[in-house]
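Please examine the packing of side chains and the salt bridges in the structure shown here.

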Amino acid sequence: MTSATKAEGLDLGDLQARIERYFAAGADAIGDDDALGTFIELRHALEDGIVRAAEPDLASPTGWRVNAWVKRGILLGFRVGKLTDHSILGVVGTSIFGRNLQMTFIDKDTYPARRFVPEDGVRIVPGGTAVRSGAYVARGVVVMPPAYVNAGAYIDEGAMVDSHALVGSCAQIGKRVHLSAAAQIGGVLEPVNASPVIIEDDVLVGGNTGVYEGTVVRRRAVLAAGTILTRGTPVYDVVNGTILKATVSMPLIIPEGAVVVPGSRAVTSGHGKTMGLSVYTPVIVKYRDEKTDLSTALEDLLR
């Protein structure tokens, strides 16, 4: 979707121009009702999935294009917002002291927690989950407690965000992705041109896995529990005999269907070699096949 596209009555070209203008105004945008209104338009467009911080682009070397103006708009929301008390007071069961329970929540008034209704088709299971406004959560998504989804994130249809999982700012999560318990998907707002973490369709992200610093995980890949992926982490593909690394201009990219597990490699020089040490490295041990698909068939039952 290009910035000039009109969707749901919103002229995205005009919205982009206004976002750029108010962001460039710096502190002068604070207290400007038009700047605030422009950000609110962007926030609604993000929540409706009309605009995204990054989107598929076959012409790009990574297959994705970063929409820097959207990220500038998200930052504008922090600039023009004011701290306010969003605390929730209510009864959650009955405490042993017979008192109401309060959740303290102090944040910018431009970023309240999102509220969902049954018609949205999203399952938010009770127990401490928060989805920040400005995040897109598609129909059929399941969010288990406690989990956190930050502003600018995009979670596509049929994905599952499991307990203690984090979806960082502007992260892009594809269709039918499973983020297992305690999975951490890093966010990025600055620098605004930097690519967010992208998890494409049908990826399984294992428990306690961390994906950071703009890493792209191609469709149908499997990241085993405990795998850590960053720009500085080389990935050893023992199937093809290659080493995958990020470069100055390209993020780390995990190939389609790759099965990645935590591994180690020996230190080959200096005191590390003398001491018999090794360092962590992810390893591609195979590519997804029918047996791998059978081992992930439990996903459908959980929905």
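In this predicted model, Val167 is in contact with Tyr148, Val149, Asn150, Ala153, Ile155, Val161, Ile173, Leu179 and Ile185, its neighbours within four places in sequence being left aside. Val167 belongs to the largest nonpolar core, a set of 40 residues; Ile173, Leu179, Ile199, Val217 and Ile254 are likewise among those with the most contacts inside it. Two or more residues of this core come from each of β11 (136–137), β14 (154–155) and β29 (258–266). A second, separate core comprises 26 residues, including Leu12, Leu15, Ile19 and Val192. In soluble globular proteins, nonpolar side chains tend to be buried together.

The salt bridges number 11. One of them joins Arg176 to Asp202, with the closest N and O atoms 2.6 Å apart. Arg176 lies in the loop between β17 (172–173) and β18 (178–179), and Asp202 in the loop between β20 (198–199) and β21 (204–205), so that distant parts of the chain, 26 residues apart, are linked. Glu200 forms a salt bridge with Arg218 at 2.9 Å between the closest N and O atoms. Because Glu200 lies in the loop between β20 and β21 and Arg218 in the loop between β23 (216–217) and β24 (222–223), this pair ties together parts 18 residues apart in sequence. Glu200 is buried, at 14% relative accessible area, and Arg218 also counts as buried, at 18%.

Arg219 and Glu256 meet in a salt bridge of 2.7 Å, N to O. Arg219 is partly exposed, with a relative accessible area of 34%, and Glu256 counts as partly exposed at 43%.

On the surface, Val238, Val239 and Val285 form a nonpolar patch with about 240 Å² of accessible area together. Val239 lies in the loop between β26 (235–237) and β27 (242–244).

Conventions
Residues are numbered from 1 along each chain as its sequence is written. This is a predicted model: local features need pLDDT of at least 70, side-chain atom pairs count only at pLDDT 80 or more; totals for chains, interfaces and linings use all residues. Side-chain values use heavy atoms; hydrogens and water are left out. Patches are made of residues with over 30% relative accessible area and no salt bridge: like charges are joined within 9 Å, nonpolar side chains (Val, Leu, Ile, Met, Phe, Trp, Tyr) within 5 Å. Accessible areas come from the Shrake-Rupley method with a 1.4 Å probe; for residues, only the protein chains shown count as cover. A salt bridge is a side-chain nitrogen of Lys or Arg within 4 Å of a carboxyl oxygen of Asp or Glu. Helices (H or I, at least four residues) and strands (E, at least two) are DSSP runs, numbered from the N terminus. A nonpolar core is a set of buried Ala, Val, Leu, Ile, Met, Phe, Trp, Tyr and Cys residues joined through side-chain atoms within 4.5 Å. Buried means under 20% relative accessible area, exposed over 50%, partly exposed in between (1.4 Å probe, protein chains only). Contact means heavy atoms within 4.5 Å.
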